[in-house]
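The following exercises concern one protein chain.

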Amino acid sequence: MSLLGEQILLRVYLQSADRAPRIPSYERIVAAARKGNLAGATVLRGILGAGYHGIIKHSNWSFVEHVPIIVEIVDSGEKIAEFVRGPLDEIMVGGMLTLERAAVMMYRQRSEDQPNTLRLAAALKPLSTVPHIEPGSHMKIKENGVLLRAFIGESDKFEHKPLYEAIVQKVRELGLAGATVLRGSEGFGANSVVHKAALLEMSSDLPVLIEIVDSEDKINLLLPHLEKMVREGMVTMEHVLVLIYRHDETPDTSPPV
């Protein structure tokens, strides 16, 4: 099977211990994607996040790890829509999804020998390739969603506190849908200095990525604050379809792990 060409990127924003002490939603999603023969799934673990449930922050003093999680899946629009309407709708007890265009330029399996097909994808109208999703009873859809990414350094400060914490707090104050902070292991920016996390010596300025998702109007409320707060870094924005799930109070009857 080849995935070359126009596909869909699904992102699922969750918290790691959303079903504690039972199997967390992100593990169920990966298992369901594998069972449904989707092309693959990637789990990204954050260090700080904010959503309708409040602030999620990693702690070394908790028996249950509470951190933000992003699950990314790329496949055809038809298969992603089927997955969202079926297994994913049954799994989600809270959190947020985004759907956006994914122009796959390379998809190689071990035994395949494909010709060089890497090239820039054609410009398309935003969300024109995203499949139509009917809202469910506990799902809200925002068709004018925007995914904002801020690329900064872990040591960057704003008013004597880490910049990434200040941005997440501002997202919370403005009532945006959510933010997730991811820490990289190596990277460089405009000054070309490479920062890297070694086994015995952790860099104090590792790359940090903040992902913020909401409607275009809400994102526009944040932009003047980012203008003041981010002294060095990069901000990107792209159109996405946003699906928000609110917590289902129905008890989870699945067996504990």
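**Exercise 1.** How many salt bridges does a search of the whole structure find?

*Solution.* The structure is a predicted model, in which local features need pLDDT of at least 70 and side-chain atom pairs count only at pLDDT 80 or more, while totals for chains, interfaces and linings use all residues. Residues are numbered from 1 along each chain as its sequence is written, and side-chain values use heavy atoms, with hydrogens and water left out.

Step 1. Begin with the criterion: a salt bridge is a side-chain nitrogen of Lys or Arg within 4 Å of a carboxyl oxygen of Asp or Glu.

Step 2. The search of the whole structure finds 8 such salt bridges.

**Exercise 2.** Which parts of the chain does the salt bridge between Glu 72 and Arg 11 tie together?

*Solution.* Step 1. The side chains of Glu 72 and Arg 11 meet at 3.0 Å, N to O.

Step 1. Helices (H or I, at least four residues) and strands (E, at least two) are DSSP runs, numbered from the N terminus.

Step 2. Because Glu 72 lies in strand β5 and Arg 11 in strand β1, the pair ties together parts that are 61 residues apart in sequence.

Step 3. Arg 11 has a relative accessible area of 4% and is buried; buried means under 20% relative accessible area, exposed over 50%, and partly exposed in between (1.4 Å probe, protein chains only).

**Exercise 3.** Are Arg 183 and Glu 154 buried or partly exposed?

*Solution.* Step 1. Arg 183 forms a salt bridge with Glu 154, with the closest N and O atoms 2.9 Å apart.

Step 1. Arg 183 lies in strand β10 (residues 178-183) and Glu 154 in the loop between β7 and β8 (157-158), so the pair ties together parts that are 29 residues apart in sequence.

Step 2. Arg 183 counts as partly exposed at 39% relative accessibility, whereas Glu 154 counts as buried at 16%.

Step 3. Salt bridges that share partners also join Arg 11, Glu 72 and Glu 100 into one network.

**Exercise 4.** Which strands pair with β13 in the antiparallel sense?

*Solution.* Step 1. Two strands pair if DSSP finds at least two bridges between them.

Step 1. β7 and β13 pair in the antiparallel sense over 9 bridges, and Pro 207 in β13 is the bridge partner of Gly 153.

Step 2. β10 and β13 are also antiparallel, with 6 bridges; here Leu 209 in β13 is the bridge partner of Leu 182.

Step 3. Of the 9 residues of β13, 8 are buried.
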